[in-house]
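Here is a walk through one protein model, taken helix pair by helix pair and ending with the chain as a whole. Please keep the structure open while reading.

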Amino acid sequence: MDDRLKRRIDTVERALEDAQGAEHAALVAELERLAVEARVRGVALPAHVRDRLRSEVDAELEARFDNMPI
């Protein structure tokens with residue numbers, strides 16, 4: 001993986017550990033953007049990044065259903 005891209009992904013992942021609310025959402029969006037950039041460049045995304053993005057999507061979907069009336 002490109003060193004610059006890897007450093008950016010690592011920085012966002014570290015920041016996500018402590019982020020909440022709008023900051024968390026912005027960092028997830030940035031990580032998704034970096035994942036797209038990696039795909040466009042033909043760079044394989046590390047498994048832990050793919051797993052992180054998948055879990056973020058799952059958490060977002062679950063949060064939407066938690067707020068649905070019965």
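In this predicted model, helix α1, residues 3-18, packs against helix α3, residues 47-66, at an angle of about 45°. The two axes lie 12 Å apart. An angle counts as roughly parallel under 35 degrees and as roughly perpendicular from 65 to 115; α1 and α3 are therefore oblique to each other. The crossing in which α1 passes α3 is left-handed. On the α1 side, the contact is made by Ile9, Glu13, Leu16 and Glu17. On the α3 side, His48, Val49 and Arg52 take part. Sorted by class, this contact has three nonpolar, one polar and three charged residues.

The next pair is α1 with helix α2, which covers residues 21-41. Here the axes come within 10 Å and cross at roughly 160°. Angles over 145 degrees count as roughly antiparallel, so α1 and α2 are roughly antiparallel to each other. As for handedness, α1 passes α2 in a left-handed crossing.

Which residues of α1 meet α2? From α1 come Arg4, Leu5, Arg8, Ile9, Val12, Glu13, Ala15 and Leu16. They meet His24, Leu27, Val28, Glu30, Leu31, Arg33, Leu34, Glu37, Ala38 and Arg41 in α2. By class, the contact of α1 with α2 has ten nonpolar, one polar and seven charged residues.

The protein chain has three helices and zero strands, and its pattern along the sequence reads α-α-α. The C-alpha trace spans about 50 × 25 × 15 Å along its principal axes.

How many of the residues are buried, as a percentage of the 70 in the protein chain? The share that counts as buried is 26%. The accessible surface of the chain comes to about 5100 Å². Carbon and sulfur atoms account for 54% of that surface.

Last come the contacts along the sequence. Among contacts in the protein chain with a separation of 6 or more, 53% are accounted for by residues 24 or more positions apart.

Methods
Residues numbered from 1 in each chain as written. Predicted model: local features only at pLDDT ≥ 70, side-chain atom pairs only at ≥ 80, totals over all residues. Heavy atoms only, no water. Axes fitted to C-alpha atoms, helices over the stretch in contact; angles between N-to-C directions. Helix = DSSP H or I, 4+ residues; strand = E, 2+ residues; numbered from the N terminus. Left-handed = near helix turned anticlockwise from the far one by under 90°. Contact = heavy atoms within 4.5 Å. Nonpolar A, V, L, I, M, F, W, Y, C, P; charged D, E, K, R; others polar. Buried < 20%, exposed > 50% of the residue type's maximum accessible area, 1.4 Å probe, protein only. Areas by Shrake-Rupley, 256 points an atom, 1.4 Å probe, with all protein chains shown as cover.
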